[in-house]
Amino acid sequence: MHNLYLGTAKRMIQIWRECNYINEKNQLTMQELANGIFVPCGYAHITKKIANGFSFMKADEWKSWCVIYSPFVLKHVLPAKNLENWILFVDTCCLLTKPSINDKEIDEAHSKLQLFCTRFQTLYGKSAVTPNMHLYLHLGECVHDFGPIYAFWLFSFERYNSLLKNIKTNQKDGFESTMMKRFLERTYIGSFIQSFVNHLPQFAIDFLHCISNSQDQLAALHPSSTASTFSLSDFVEYSLNPHHSALGCEPLPPSVFPIKLDQRITMCKGHYECLLEFYRHAYGSHNLFGHYSNCESNQIFVNNRIEKMKRISLLGQEYSSGSYFRAYYLENNSEDKAAFPGRILYLFQHLITINETVITHTFAFVEWYSSYSLGSYQPMLNEGIELWNEPSSVLNYECIIPVHRLYSPIAIAKYRFTITSEFKRLVIPLP
């Protein structure tokens with residue numbers, strides 16, 4: 001947080017000002033470009049601070065500046081060599097801010113930081129190098145020793161500082177014990193209620209979870225989806241490896257669902273046809289499920305009633321209606337995997353009964369962005385940015401995606417090369 005974002009990111013703006021790469025005029029242009037970017041949940045928005053000279057930026061805003069805004073808005077501000085060097089730093093930040101990281105990625109981040117420092121000295125001179133940059137070379141050791149930076153950085157710690165500062169003490173001392181008592185009560189209320197599961201009827205347990213707004217209620221409401229058989233490694237594999245297919249009924253992480261689902265509604269005919277076709281492909285049989293209008297006795301009935309959800313949280317990544325995401329699939333006639341961007345139209349649950357067992361499936365109904373018109377060529381890939389065409393209006397079973405397949409959120413904006421060219425969708429992949 002201090003080494004990369006409040007250190008180098010902030011320092012680079014000062015250096016670029018001294019080199020006259022950034023000035024008041026192009027700050028306004030940069031702000032206009034930044035305001036056109038849709039930023040996903042969990043990332044800070046920078047609405048005016050670029051135009052105001054990056055004043056009073058907090059660490060989470062510097063993080064957003066690095067991984068979302070800067071690759072796009074600096075493209076026509078910095079010389080090519082300077083931008084290329086900055087992208088090394090951005091790539092490193094994306095690697096180090098991942099919630100999970102492997103040894104290969106740690107080594108890659110270390111190598112990129114080394115290369116960034118070497119080129120930095122060439123571009124800006126030895127006097128611009130600071131002791132803060134020496135600390136880069138120890139970040140790899142820290143991750144090897146303590147795990148992902150995500151697990152021990154100071155963002156959450158300083159958020160608690162903000163909460164503490166806002167507690168009204170009525171100018172009296174000794175509030176620490178009261179605050180900690182309330183904090184522990186809120187943290188462990190769900191476990192406390194569950195300890196009475198053998199002494200109270202289930203409806204009483206559910207009622208206590210409901211009035212305390214505790215997350216353990218979700219396990220009682222959705223036993224098929226939050227079962228204790230959840231496997232973290234399998235869940236990660238679903239999103240990362242397209243060979244490891246998911247049906248949509250596999251166990252999800254605890255605390256995925258909101259406390260309250262929307263009422264059950266009827267799916268529109270076109271979307272229902274997509275769902276029916278998805279089941280046929282997923283379960284490998286076109287005769288297994290029957291249409292609601294012509295279901296035969298030897299077929300399993302697929303109803304057209306669903307429960308919509310406003311949002312879900314997948315291991316800290318929140319998705320809702322309108323969220324932009326990417327998911328891995330195999331490319332056509334190839335074993336190579338590629339990340340495809342899309343937008344979630346809505347999230348829903350669907351129940352089917354197989355062999356007298358009710359199975360809950362959790363899906364997102366999505367629209368996919370079409371491939372860029374020049375095929376697989378991506379003119380801005382070196383800046384960590386992809387270009388895609390507007391979403392396809394085609395409805396088919398690929399519009400149904402198990403939420404297990406959602407790999408990561410993306411930032412997105414409209415972009416065109418010239419005033420007369422068509423708008424494209426600019427996609428900025430995120431950790």
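This is a conversation about a predicted model of one protein chain.

Visitor: How many helices and strands are there in the chain?

Guide: The chain holds 14 helices and 14 strands, and of its 431 residues, 43% count as buried.

Visitor: And what share of the contacts joins residues at least 24 apart?

Guide: If you take the contacts between residues at least 6 apart in sequence, 63% of them join residues at least 24 apart.

Visitor: Which way does β9 pair with it, parallel or antiparallel?

Guide: Strand β9 (residues 337-354) pairs with β10 in the antiparallel sense, over 12 bridges, and one of the bridge pairs puts I352 with I359 in β10. The two strands form a hairpin with two residues between them, and N355 in that turn has a positive phi of about 50°.

Visitor: Going back along β10, is H361 buried or exposed?

Guide: H361, which is found in strand β10, counts as buried because its relative accessibility is 0%, and the cut-off for buried is under 20%.

Visitor: What does its side chain make a polar contact with?

Guide: The side chain of H361 makes a polar contact with the side chain of Y283, at 2.8 Å. Leaving aside residues up to four places away in sequence, H361 also touches others, among them L247, G248, C249 and Y279, as well as F348, Q349, H350 and I352.

Visitor: How far does α14 reach from its first C-alpha to its last?

Guide: Helix α14 (residues 269-282) has 14 residues and reaches 20 Å, close to the 20 Å expected at 1.5 Å a residue. The helix is followed by G284, whose phi is positive, near 70°.

Visitor: New topic. What volume does the largest pocket have?

Guide: The largest pocket has a volume of about 1300 Å³, and of the 41 residues that line it, those closest to its centre are K98, R326, Y407, L430 and P431.

Visitor: Which element supplies the largest share of that lining?

Guide: Helix α13 supplies the largest share, with six residues. The elements that each supply at least two residues include α3 (59-73), α4 (80-96) and α13 (232-240), along with the strands β8 (324-330), β9 and β14 (424-429).

Visitor: And how many cavities of 30 Å³ or more does a search of the whole structure find?

Guide: The search finds one cavity of 30 Å³ or more, and the largest cavity holds about 40 Å³ of space. Its lining is made up of L96, I106, A109, H110, L113, Y136, L139 and G140.

Visitor: Which elements give two or more residues to it?

Guide: Those are α5 (103-124) and α7 (139-146), and α5 gives the most to the lining of the largest cavity, with four residues. Helix α5 also supplies at least two residues of the lining of the largest pocket.

Terms used. Residues numbered from 1 in each chain as written. Predicted model: local features only at pLDDT ≥ 70, side-chain atom pairs only at ≥ 80, totals over all residues. Heavy atoms only, no water. Pairing = 2+ DSSP bridges. Expected span 1.5 Å × (residues − 1). Buried < 20%, exposed > 50% of the residue type's maximum accessible area, 1.4 Å probe, protein only. Polar contact = N/O pair within 3.5 Å; in protein donor to acceptor, adjacent residues only side chain to side chain. Contact = heavy atoms within 4.5 Å. 1 Å grid on protein atoms, 1.4 Å probe; cavity = no way out; pocket = protein on both sides within 12 Å on 5 of 7 lines; lining within 4 Å. Points joined across faces, edges and corners; volume = space filled by probe spheres on them.
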